Amino acid sequence: MPPLNFSIILPLLVLTVWACLLLLVDLFVKNKGITALLAALGLAISLGITLSQVGATGTSFNNMVVLDGFSTFVNALLLVSGLFGIALAYGYVKRMGIERGEYYTLLLFSVVGMMLMAQAADLIIVFLALEMLSIPLYVLAAFARPNVNSEEAGLKYFLLGAFSTGFVVYGIALVFGATRTTSLAGIVSAANAASSGTSSLLLLTIGSALILVGLGFKVAAVPFHMWTPDVYQGAPSAVTAFMAAGAKIAGFAALLRVFSLAFPSLASDITPIIAVISALTMIVGNIIAIAQTNIKRLLAYSSIAHAGYILMAFVPYGQKGVVATSVAAGLFYLVSYALTNFGAWAVVIALEKAEGNPSTGSGQRGLEIADYAGIGRKHPALAAAMTVFMFSLTGIPPTLGFVGKFYLFRAAIAGQFYLLAVIGVLTSLISAYYYLRVVVTMYMREGEPETTSEPWLNLTWGLAAVLTVIVSLVPAPLFDWASQAVLKLF
Amino acid sequence: MEFILQPLTLMTFFPLLGVLVLLFIPGDKKNALRWTALIASLITFLISIWVLTMFNASNPDLQLVAKYNWITVAGWNIQYYLGIDGLSILLVLLTTFLSPISILSTWTAVEERVKEFLLFFLLLEVGMTGVFLAQDLFLFYIFWEFTLVPMYFLIGIWGGPRRIYAALKFFLYTMAGSILMLLAILWLGIYQGTFSVPDLIAKGGIDPHTQLWLFIAFAAAFAIKVPMWPLHSWLPDAHVEAPTAGSVILAGVLLKMGTYGFLRFNLTLFPQAAVQAAPVIAVLAVIGIIYGAAVSYAQADIKKLVAYSSVSHLGFVMLGLFALNPQGIQGGILQMINHGLSTGALFLLVGMIYEQTHTREFKVYGGLWKVTPIFGTIFLIVSLSSMGLPGLNGFVGEFTILLGAFGSTVLNSPWYAGFAALGVIMAAVYILYMFQKMFMGPEGSIVEEVRKHGHALRDLNWREIVTIVPLLIFIFWIGLYPAPFFHLMAPSVDKLTAAFQAAALAMR
Amino acid sequence: MLLEYIAIGVMIALATVIAVIAIGLGELFGPKKRSSVKSEPYESGIAPIGPGTRRMPVRFYLIAVLFILFDIEVIFFLPWAVVFRQLGLFGLAEMAIFIVILLIGYIYAWKKGALEWE
């Protein structure tokens, strides 16, 4: 047996142990704020180790996990997302009366699963990671129990998540049947050997398509998106924010690695499928979002639409000259989406109220778009931040979302998917309509909004807004890192 | 430090300093806010004069270039690249010139949320100046889209009753065009390997079929902005709902960004496609001229009339540009300036009377000549300038354009100029009609209405006269002695048209 | 290769056919007389007591879940014990980690009061 190299998964390992200990420590800590800080400390330590590993590569556990630029980049992003997730939850759970220490432990475990996803070099590990990241999220979605909506969200997410995991497992089984291996490297050589039109190639194609379906559920791509609006709306906002960013990053990390590494020989079959899914996701997500009046649902559909944009980075995954930059573009867009997403949800949380006023009817809990009226006047900084996020989600300069989309469309054009690029820009135009509606409400309608001001929350939206603008003006270092990260993949 | 001290960089970003200062002034100190913004924009204007003194008119190339690598990773070659030449210098001056004037015009018109208004206004100035100076397509696109945001807020927050609708329409229309341009920009960046406009021109060699597609994508963005018929329907709404300063800048500068875009990008980057598309665009331009004039005549709202007259006037500009000869293009550029001056002045004047009467309906006006003689005189001069009376600026521009269109070898038909000349006559009709309704005849009901509220309709005060007189100076100057203006742009235009001759020859 | 499976296919087909015939004939020719006694739930011949669906204290579910958790996990000891000598110290360490994780869960459940009946 080869010696195990634990340094490959050191950040993950540290975080796992930390989370286990936190579970115990929390039992004896009365003040749950301390649990939150400890959880954040764990993430920070893990982040420190991750950053110290930039440039390091290696594999371990019989080539089942891998450490490379890609995993380091994604892990760093996931850990930062975790930190944002805790910052959002810190005051929120207190205010909503759902403060329990398990929140932070579950969040840490979920991050562990996500990080494992980024490091997986074997389909079994992909499956393991998928479960590890999903199960804590199911619980977190239902965290506001006995709130009916939250319970519904948890159950829905659990059922559909389990269903989608089934697809992944079946896909892995078929791939194993076709290639007699689950290791990504092994699949490539087996697929190349079998690429002479035998039946195993068919199995391989079906298997990879099923994996695509399963992961499509996780990242909320159309037509596997049905759970998203209800779950995003029902789950506590802080959870939704973390879920929207974290699960998407992990899902896309797995998609990017599995498909570009294991299935490049299937590109001629898979590329059209991904292109259609991407186009559908952009169209459906953006068009249904127009009709939403609830900010959480709006952001849910926006999240669906953005899955479509990120999928665009994937479409040319079989083209040798293009794939590196397009995957880098995908990574960059994930960063921009995560940052904008956390900012926008932070604003949502700032306006959300624990108890509604039944007499006013709709908009009781500060979650209707109409509740945003008058923020521009009452809370200029908050409104300005939200405006930045909305513009970033639309893709208007000078925000990170614009630079991200610029890179993504470049991937589509360089891969000569002109129609897809046109669909992408036209749906961006549609999205401008509903994102601007939020801005219109904030600045151009009169109202008496009630907001909450908490230090960590303010820090989150403030930092996110500033970074969204500044990084868009100097995107080179980040993009450089992203492209260095994918270099080793190909 | 070296970066910021370059004249063009300094000129573009100086208003940001004003923004910074504004942020630290409390919102209820309205006059302090106004003075800060005014001084910031005045200094920007002074910087632009400084730039003008350094500008060598006989050099057709880009001057005072500021060029730095910006994003040069992973196959990108994006530069921070500013430069000025004969095509843009007048438009830059127009921008920096109209900005303080517009700020001055808001002195009493904007009382609500003054701080935000001025913030957005200065940001808008940054964007506009940047659009005219950027020589890298990525940078250009950022400035181009960025102008949308402040203008959207200016219309949406301080506009008239249908402001939200107008603001959204403005935003979505403009964005619809510009995202198609974005794709074309990306295509150029990927397949030509650079975003820098001079490099792209030097490289050339795009096959004519692709050129045409790229031309269309760029034209989509610019035609909406100009706006060319039939893409003009956002303009009347935006103009009518926008606050006065917004209208002035919208008509004076933002629309010019469209025509300038055609000039700077469509003509230079895709010369063969431009030659091919010239007749189509010229037809649309002529339709725009006549349509705009005809619809203007039918309006009951002063601002709407001026808005539709913009469609007509910008049709002239487009016709001049796509005559593709030196006269046409020079006339086009001059007409851009003229339109900025006279339409800007018209909107200012309408704003001044609106501030007192709160209505823009013709039918309530009448007989103002006696009540407000100074206002009447200035209004008359500006109107005559707008309809193209010889001796005033409009005439010079329109006449040069018509000459260019007549002599154009690309259009090769006198009918374009013939029909366009019809537009000049129609302009006389609707402008004089407006003037007559407002100033002649018996006293309109509004005079009495205002009097009922305790104070009579007053004539222009000093601030208003100071606001409008600089515009009048240029209206006369260009009308009587346009040579210096032509002199500034001639070498660059000659260089541009020389490229066309080559392209047209290559096509035969 | 698929031909090797044909015996199974024949077997499934025959079983299905015979079952359908047997049930179908009984359904067709058998006499049907319903009475209240016949429609009672079958409880090994003893007369039923109480309603058919009985309510159970919800605590049983928690206990059941915990039982499954800890009991099933213990099953993993068995294969380890079989190859204990081959795995050596490495196996011991792995098992220790496994038990520690179980222990953490156990302490958590205990402290949270999941093991108390009241």
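Is B:H358 buried or exposed? B:H358 counts as exposed, with 10 C-beta neighbours inside 10 Å. Here a residue is called buried if 20 or more other C-beta atoms lie within 10 Å of its own, exposed if 12 or fewer, and partly exposed in between, with the C-beta atoms placed from the backbone. The model is a predicted one, in which local features need pLDDT of at least 70 and side-chain atom pairs count only at pLDDT 80 or more, while totals for chains, interfaces and linings use all residues. Residues are numbered from 1 along each chain as its sequence is written, and chains are lettered from A and ligands numbered from 1 in the order in which they are written.

Chain B contains 22 helices and 2 strands; helices (H or I, at least four residues) and strands (E, at least two) are DSSP runs, numbered from the N terminus. Its radius of gyration is 22 Å, close to the 23 Å that the globule rule gives for 508 residues, so chain B is as compact as a globular protein of that length. For this comparison the radius is taken over C-alpha atoms, and the rule is 2.2 Å times the number of residues to the power 0.38. The C-alpha trace of chain B spans about 70 × 55 × 40 Å along its principal axes. Of the 508 residues in this chain, 62% are buried. Among contacts in chain B with a separation of 6 or more, 81% are between residues 24 or more positions apart; two residues are in contact if their C-beta atoms, placed from the backbone, lie within 7 Å.

Next come the neighbouring chains. There are 2 pairs of chains in contact, and chains A and B share the most contacts. On the chain B side, 26 residues are in contact with 26 residues of chain A. The elements of chain B that give two or more residues to this side are α6 (137-146), α7 (148-158) and α8 (163-191), and α8(B) gives the most, with 14 residues. Chains B and C, by contrast, do not touch, and their nearest C-alpha atoms are 44 Å apart.

Some details of the backbone also deserve a look. Most residues other than glycine have a negative phi, and most peptide bonds are trans. In chain A, the peptide bond from A:V222 to A:P223 is cis, with omega near 5°, and A:P223 lies in the loop between α8 (199-219) and α9 (227-234). That loop of chain A also holds A:A220, which has a positive phi of about 65° although it is not a glycine. A:A220 is buried, with 29 other C-beta atoms within 10 Å. In chain B, a cis peptide bond joins B:V226 and B:P227, with omega about -10°; B:P227 is in the loop between α10 (208-225) and α11 (234-241). B:H358, in the loop between α15 (326-357) and α16 (368-371) of chain B, has a positive phi near 60°.

Finally, B:N77 sits in the loop between β1 (63-71) and β2 (78-84) of chain B. With 18 C-beta neighbours inside 10 Å, B:N77 counts as partly exposed. Leaving aside neighbours within four places in sequence, B:N77 is in contact with B:T72, B:G193, B:T194 and B:F195.
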